[in-house]
Amino acid sequence: MGVTAKSSPNAKELRNPKVIRSSFGSQPLSVHPSASSFGFGSSSRGAFVRQYLSPEHAQAMGGDNSPGAIYNMLSSISKQPLSNNSTSAKFSFGTAERIGKKGNKADRKGMMKPGPGAYKMPSSIAAQIVSTKKSAATPSFGSSTRDNQQKLFLTTDHEKIHYGRHSPGPSIYQATSCFGIQQNARNRSSPMWRMSKSSRFEYDYEKRASKLPGAGQYVAGSSVGKMVVSQKKTMPKFSFGRGTRDAKAKLFTSADHEKSQYGKHSPGPTTSVTDSSMGRQILSRRSSHNAWSFGSAVRKTFKESEVPGPGAYD
């Protein structure tokens with residue numbers, strides 16, 4: 001509350017109404033009840049275990065005083081000391097010497113035997129030497145020439161394919177060209193065309209055409225604007241009007257339309273001279289406002305004193 005409460009106030013302080021006491025803790029005045037105070041318990045957990053609540057609770061707490069997992073559990077691997085536990089079988093690598101090693105006991109006893117790689121196994125491919133094994137068939141490429149195949153007679157129809165085999169080929173014959181004049185009377189010569197060798201611009205109509213005027217020498221009139229030739233029609237023309245707005249004002253349309261012209265020739269608002277409302281008013285109907293100004297009197301109107309100043313003294 002901003003004021004430290006004293007633990008044992010004296011009687012003078014209790015009777016003094018100006019002393020503000022704390023509302024926390026034990027109240028010395030009987031008219032003020034002391035508030036409940038709470039704190040952390042100082043009892044141990046062992047005392048709580050000895051507290052009896054109900055038979056069910058006591059049954060649930062059974063075994064709290066028994067020893068924990070402090071048993072000495074023997075290993076189930078290797079030899080078992082207890083007779084009711086059977087010892088598992090053990091396996092290890094042999095320590096005897098290898099068979100076939102020179103100078104060892106197995107060699108002296110005649111136990112040395114050849115291995116799988118010591119036997120000489122004949123190949124199962126090609127001709128077999130052992131009579132109990134059958135030699136496999138061995139196909140091979142033929143060594144006969146093609147000429148021998150031609151001498152072989154099969155059928156009469158087969159012999160027909162040999163017709164013309166010994167006749168001359170197509171490249172042996174001398175074939176003449178089918179273009180140009182044909183030498184053989186049985187071959188017809190094809191028609192021929194050729195370019196003329198006469199000089200250009202030697203015809204009569206070309207000479208006459210060279211003296212006529214060209215297309216750019218004719219004067220062609222414009223198709224825009226007024227047409228000079230009577231055979232051609234002049235198209236209508238449109239332009240902006242040249243009448244002034246004053247001529248439109250003189251046009252009478254109706255009496256109601258004339259009402260819109262009222263005040264058109266009267267003076268505008270800027271033609272009137274408006275006097276300023278500031279300063280002195282010229283018209284007597286308007287009162288002039290109060291005016292203030294700075295004084296124009298000379299500042300030094302007092303007589304100068306002949307008394308020396310503070311800095312004049314030595």
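Predicted model: local features only at pLDDT ≥ 70, side-chain atom pairs only at ≥ 80, totals over all residues.
**View 1**
A polar atom of the Gln-281 side chain lies 3.1 Å from the backbone oxygen of Ser-277.

**View 2. Ser-78 in the loop between α3 and α4.**
The loop shown here runs between α3 (55-60) and α4 (105-108), and Ser-78 is part of it. The phi angle of Ser-78 is positive, at about 75°, although this residue is not a glycine. Ser-78 has a relative accessible area of 45% and is therefore partly exposed, because that class covers values between the 20% limit for buried and the 50% limit for exposed.

**View 3. Ala-126 in the loop between α4 and α5.**
Ala-126 belongs to the loop that connects α4 with α5 (146-150). Although Ala-126 is not a glycine, its phi is positive, with a value of about 75°. With a relative accessible area of 42%, Ala-126 is classed as partly exposed, because exposed would require over 50% and buried would require under 20%.

Conventions:
Residues numbered from 1 in each chain as written. Heavy atoms only, no water. Polar contact = N/O pair within 3.5 Å; in protein donor to acceptor, adjacent residues only side chain to side chain. Helix = DSSP H or I, 4+ residues; strand = E, 2+ residues; numbered from the N terminus. Buried < 20%, exposed > 50% of the residue type's maximum accessible area, 1.4 Å probe, protein only.
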